[in-house]
Amino acid sequence: MRPRLQRLVPLFFVLFSLCLYATARPEDADYARQKPIGGSAGQHGESWKSRWGNTEGGANPHQGMLAFDEAVTLLHKIKPATAPWWNFDKKSGILGTSAYYAKEVFFILFMNGPPQHELLTTNPQPKKLGHALSQGVTLLEEAAAHKNPDAIFTLAEMNFYGNYTHPRNYSEAFRRYHELATLNGNASAQHMVGFMHATGIGGAVKQDQAKAMLYYTLGAEGGDVRSEMAVAYRHSAGISAPRDCEEAVYFYKEAAKKAIAYMRSGPPGGHSMPRESYNIADEEGGVYGEGASASSSGQNAKVTSVYSDAFSSLDDVFEYMDLQARKGDARATFNLAKLNYDGARTLKRDLPAAKKRFLELARMYWTPSGKVNANVSPTTEKLASKAAGYLGRMFLRGEGMPQSFDIAKTWFRRGMELGDALSQYSMGLMYLKGLGVPEDPVKAAELFGAAADQDLAVAQVRLGALFLDQGDVSIAIKYFELAARHGHLEAFYYLAEMTHSGVGRDKSCPVAAAYYKIVAEKAELVSTSFPEANEAYTNGHLETALVGYMMAAEQGFEVGQANVAYLLDQVKPRFTFASLVPFMKQKASLASDAFLALIYWTRSAEQKNVDSMVKMGDYYLMGFGTKPDQEKAAACYQAAAETMRSAQAMWNLGWMHENGIGIDQDFHLAKRHYDMALETNPREAYLPVVMALYKLRLRSWWNTLTHGNIKSIQEEPVVKKDWTLSQWLSAFLEAELEGWDEYEPDDYDDSHTAGDDYYGDGYHGNEIDSDILESLIILALSGALAFLFYYRTQRQRRQEEERRRQQEQQQHLNGNQGMAVPQQQGQAQGQAPQQDRGLFPGLGDPEFMDWVAGGVGH
Ligand SMILES: *[C@@H]1O[C@H](CO)[C@@H](O)[C@H](O)[C@H]1NC(C)=O
Ligand SMILES: *[C@@H]1O[C@H](CO)[C@@H](O)[C@H](O)[C@H]1NC(C)=O
Ligand SMILES: *[C@@H]1O[C@H](CO)[C@@H](O)[C@H](O)[C@H]1NC(C)=O
């Protein structure tokens with residue numbers, strides 16, 4: 001105890017200074033510093049009253065504008081609300097670490113419950129505004145009275161998002177948005193009014209999907225991209241409007257056009273479109289936890305490893321690779337450089353660092369003067385050529401350094417000597433656009449072709465576009481389809497256009513709509529609030545996160561829908577909508593929370609999220625947000641199980657069959673489903689399934705014994721799935737291919753291989769190895785167990801035979817008692833297996849083997 005206490009002393013010291021810091025920190029300090037400004041603002045306050053006199057007198061655009069401008073200068077001086085002092089990440093370094101633990105200790109000792117609760121309690125009393133802020137608001141209200149649209153808009157945003165530290169008031173926000181929407185039909189305001197009607201957020205208005213649809217449509221007609229997506233999604237999914245593909249395709253096309261326009265407006269090669277839409281549940285291994293969720297079990301366990309289980313240890317991986325890189329490991333250097341360049345969920349892009357590492361790598365092959373080093377290993381050579389491509393790309397686009405076509409050209413030429421695809425493509429781009437070289441489409445096409453042959457998606461798209469220009473539709477389509485396999489945004493756009501108009505492909509409205517949707521949704525920076533929502537979620541600002549995800553959910557993003565549902569989830573309550581609304585009775589709001597959660601689980605399930613489908617079943621089973629409906633629940637589980645991915649759903653179905661809930665009681669089917677659950681997820685489901693099977697066999701046996709009317713477990717011919725290695729491989733590859741429509745950085749490169757490049761070969765290999773090892777151990781153990789049983793029963797049988805022989809000998813001796821024995825024997829044989837059956841399948845029972853093996857191999 002003592003040594004530990006001693007170690008805690010520095011922590012308490014840090015804690016103490018933190019407390020001092022924190023008490024000195026709050027707004028008072030800011031405003032104290034702003035005293036002079038506030039003072040002059042006070043005078044302004046006096047002066048605007050005298051200057052503009054009575055505010056009741058009708059609209060005066062000029063005066064409104066003056067007041068607005070003044071308010072804006074005032075508001076911009078307000079410091080943005082800083083994150084509460086306790087919301088800092090674990091920093092490296094001794095001080096950072098001790099501060100972090102001091103914080104943890106502090107909360108354990110003095111605070112009950114997580115800190116978030118304080119953030120979420122909306123103060124029902126109007127909060128006293130800071131001096132500068134209240135001045136600004138007064139000026140804005142003045143301008144708003146003069147019907148200044150900017151002022152009305154700003155007021156609405158301040159009340160909705162809480163800009164400039166203004167407290168949120170959804171009722172007020174709604175009033176202002178509505179005012180602006182009716183004033184000049186401002187599309188952004190229309191969207192917000194629609195959004196508030198759709199979600200009933202903060203109790204500002206009653207939920208009303210019809211009105212929501214109306215305002216969304218008005219916003220979409222006004223060109224608001226979020227409204228366009230929302231309307232299109234509603235038309236395609238049939239929400240508050242009949243399904244109407246033509247309408248959906250029209251609005252998705254409008255949104256897709258904006259996405260493409262944004263992308264093409266970027267540097268050579270287009271703006272990059274980083275992925276920001278993460279399923280937050282995946283950080284915890286999916287909504288049912290690691291292994292139990294479809295998103296983190298079975299095939300997906302490896303596919304999504306970057307974002308799920310390995311995600312939490314990205315820092316560790318990074319550190320490890322850094323160590324390797326310092327030792328001169330080219331692979332590690334390359335992976336790190338790419339991580340720096342692309343960024344990841346928890347890692348911001350760091351272009352200078354990326355440049356440094358790429359250069360380091362390139363220098364392993366080329367001397368600064370361009371000579372080739374002797375004795376370079378083939379791996380290093382290959383990676384150096386890739387590094388050259390990236391370096392050239394960064395110079396070409398001016399990323400992290402001033403743009404320079406000459407330097408870019410030098411690097412591309414070096415990369416091309418070694419056949420690097422990115423260099424070929426980028427050089428082609430320079431010829432195509434005449435950047436630093438004379439324009440030469442033929443040369444460009446040649447280079448694109450070379451890169452496209454190496455399966456570089458961007459090059460395939462460019463080449464396809466060139467063929468399309470020449471009128472060679474069928475070849476163009478071939479290239480677009482190749483690129484679409486890698487999820488390239490522009491490829492989908494071309495395919496959508498061609499499918500929509502029926503050029504070179506069969507005209508199909510649903511397919512076109514789906515493609516346009518993909519394009520619109522890939523341009524997350526253009527149309528979504530994912531980045532802000534993610535950041536808010538990481539910082540623990542759940543309210544902001546929820547609103548951001550909800551907006552994306554309304555736009556039809558499956559990830560948004562799953563996130564909202566996850567945040568509002570009733571089964572594992574983490575956050576209630578009620579906390580946004582003062583004075584609301586907990587009970588009532590809980591119900592409406594579940595109602596909203598169910599809506600979004602349903603929408604997400606409809607977009608093929610297996611886990612959401614299972615969740616939906618849970619809600620129906622337990623009657624959250626709806627009337628309990630066991631049959632519907634069973635249908636949901638059935639649908640989720642049919643994809644063969646959700647062990648959870650199969651397990652639930654097994655349970656429902658066993659107990660006759662929602663579906664017919666049927667022990668035989670129950671066993672089938674338990675077995676399937678195990679087959680889908682051998683690792684996590686092993687123990688529960690084995691236990692459940694015990695119980696099930698006992699019940700089934702009892703049922704048979706008492707001639708119950710439930711179908712008992714019956715023997716089926718065992719279809720042995722004897723996978724050879726090559727079958728296993730091809731199944732694995734197929735699963736890999738299925739992931740082709742996953743999001744990927746669009747605008748360049750070989751990112752489809754990035755998945756296994758992230759951690760280098762060793763890391764990935766180890767994972768698979770340990771998996772196989774685990775299965776082998778399980779198999780070996782089951783085998784040993786089987787052998788022991790076999791051995792035991794064999795011995796019993798031998799003893800039995802021994803005894804029988806002795807008996808027979810006796811009978812021979814006794815002679816006259818011969819008749820009675822066969823009868824007895826028959827009884828013994830008939831009963832022995834059955835009595836044993838509940839626990840261990842008995843002798844001669846064909847189930848024997850597969851029971852012991854626990855279904856692992858069957
Ligand atoms: C709506 O009004 C605000 C403030 O006047 C303006 O900034 C915004 O661009 C407008 N939105 C549209 C789509 O016109
Ligand atoms: C208010 O904040 C939100 C979210 O941070 C932002 O999207 C919006 O543009 C801001 N509005 C104004 C008027 O500053
Ligand atoms: C929010 O705004 C409404 C008017 O729109 C007002 O009646 C209410 O008092 C405000 N609530 C708070 C907490 O300021």
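Is Asp-629 buried, exposed or partly exposed? I opened my notebook with that one, keeping in mind that this is a predicted model. I found 16 C-beta neighbours inside 10 Å of Asp-629, so this residue counts as partly exposed; the buried label would take 20 or more, and the exposed label 12 or fewer.

Next I looked up where Asp-629 sits. I found Asp-629 in the loop between helix H31 (610-622) and helix H32 (630-642). I also checked its spacing from Tyr-619, which is 10 residues away along the chain: the two C-alpha atoms are separated by 8.9 Å.

Then I stepped back to the whole chain. I counted 40 helices and 0 strands in the protein chain. Of its 858 residues, 41% count as buried. I looked at contacts between residues at least 6 apart in sequence, and 59% of them join residues at least 24 apart.

On to the core. The largest nonpolar core has 196 residues, and I noted Ala-387 and Val-519 as those with the most contacts inside it.

My last stop was the ligand. Which residues are around ligand 1? I listed Pro-149, Asp-150, Phe-153, Asn-186, Ala-187, Ser-188, Ala-189, Gly-222 and Asp-224. Helix H8 (149-161) and helix H10 (187-199) are the elements that give two or more residues to this shell. Sorting the shell around ligand 1 by type, I got 4 nonpolar, 3 polar and 2 charged residues.

Terms used
Residues are numbered from 1 along each chain as its sequence is written. Chains are lettered from A and ligands numbered from 1 in the order in which they are written. This is a predicted model: local features need pLDDT of at least 70, side-chain atom pairs count only at pLDDT 80 or more; totals for chains, interfaces and linings use all residues. Helices (H or I, at least four residues) and strands (E, at least two) are DSSP runs, numbered from the N terminus. A nonpolar core is a set of buried Ala, Val, Leu, Ile, Met, Phe, Trp, Tyr and Cys residues joined through C-beta atoms within 7 Å. Two residues are in contact if their C-beta atoms, placed from the backbone, lie within 7 Å. A residue is near a molecule or strand if its C-beta atom, placed from the backbone, lies within 6 Å of it. Ala, Val, Leu, Ile, Met, Phe, Trp, Tyr, Cys and Pro count as nonpolar, Asp, Glu, Lys and Arg as charged, and the others, Gly among them, as polar.
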